[in-house]
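Student: Could we go through this model together, a few questions at a time?
Tutor: Gladly; have a look at it first.

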Amino acid sequence: MIIALTGFMGSGKTTVGAALSDLLGVRHADLDALVEHSEGKSVADIFSSEGEKGFRTLELKALRRFLEKGGDAVISLGGGTLSTPAAAALIREKTLCIYLRTSPGTLLQRLSPEAGSRPLLQGAPLEERIKGLLEERSAVYERNARAIVDTDGLTPPEIADEIIISCL
């Protein structure tokens, strides 16, 4: 089984994915890292040179390659992966998708120190940008996930434990 973790940037997908894969004894991958590795440049650089549409195309290719390998694994999706209909269809069809739901207040605390390095957080005050994007995306996360885990007040190991207890 492949477990896909989705949620807004800063929800803990990568850290929780690593903890969960350790507990389950399976491989873990971060989709953004797979794109960076295949392209030889950072997500920010890809956004800068190719825009969001170009990035989403590369992201879909990396997701397909990962899913083709099969086997048991955990994959931490990008915050916008499910906005690509083909990626959302693959996730629904080939994974157990879990939405790591995190409140805007918690996201603001977590993302404040690194907001400058996140291309999609540019262009408006951080709190407005988080609320706006979260409003756009939460229905997509909920529609594509088979389970939801609320992350506020929990550490990554506690979230991983919660996934095992309530979702597997």
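**Helices and their neighbours**

Student: Which helix does Glu59 lie in?
Tutor: Helices here are DSSP runs of H or I with at least four residues, numbered from the N terminus. This is a predicted model, so local features need pLDDT of at least 70 and side-chain atom pairs 80 or more, while totals for chains, interfaces and linings use all residues. Residues are numbered from 1 along each chain as its sequence is written, and side-chain values use heavy atoms, without hydrogens or water. With residues 43-69 as its span, the helix holding Glu59 is H3.

Student: Is Glu59 buried or exposed, and what does Glu59 touch?
Tutor: Buried means under 20% relative accessible area, exposed over 50%, and partly exposed in between (1.4 Å probe, protein chains only). At 2%, Glu59 is therefore buried. Leaving aside neighbours within four places in sequence, the residues in contact with Glu59 (heavy atoms within 4.5 Å) are Leu31, Asp32, Val35, Gly78, Gly80 and Thr81.

Student: Asp32 is on that list. Which residue caps the N-terminal end of H2?
Tutor: H2 covers residues 31-39.

Student: What about Glu93: is it buried or exposed, and how far in space is Glu93 from Arg27?
Tutor: Glu93 sits in helix H4, residues 85-94. With a relative accessible area of 59%, Glu93 counts as exposed because of the cut-off above. Glu93 and Arg27 are 66 residues apart in sequence, and their C-alpha to C-alpha distance is 20 Å.

Student: Why is H1 called oblique to H7?
Tutor: Axes are lines fitted to C-alpha atoms over the stretch in contact, with angles from 0 to 180 degrees between N-to-C directions. H1 (residues 13-24) and H7 (residues 156-167) pack with axes 8 Å apart, at about 55°. Under 35 degrees is roughly parallel, over 145 roughly antiparallel, 65 to 115 roughly perpendicular and the rest oblique. The angle therefore makes H1, relative to H7, oblique.

Student: Which residues of H7 make that contact?
Tutor: H1 brings Thr15, Val16, Ala19, Leu20, Leu23 and Leu24 to the contact. Their partners on H7 are Pro156, Ile159, Ala160, Asp161, Ile163 and Ile164.

Student: At what angle do H5 and H6 cross?
Tutor: The axes of H5 (residues 104-111) and H6 come within 10 Å. H5 and H6 are therefore oblique to each other. Pro104, Leu107, Leu108 and Leu111 of H5 meet Leu126, Glu127, Ile130, Lys131 and Leu134 of H6. The crossing angle is roughly 130°.

Student: Which backbone oxygen lies 2.6 Å from a polar atom of the side chain of Ser138?
Tutor: Ser138 is placed in H6, residues 126-144. Its relative accessible area is 18%, so Ser138 is buried. The backbone oxygen in question belongs to Leu134.

Notes: Helices (H or I, at least four residues) and strands (E, at least two) are DSSP runs, numbered from the N terminus. A polar contact is a pair of N or O atoms within 3.5 Å; within protein, one must be able to donate a hydrogen and the other to accept it, and residues adjacent in sequence count only if both atoms are side-chain atoms.
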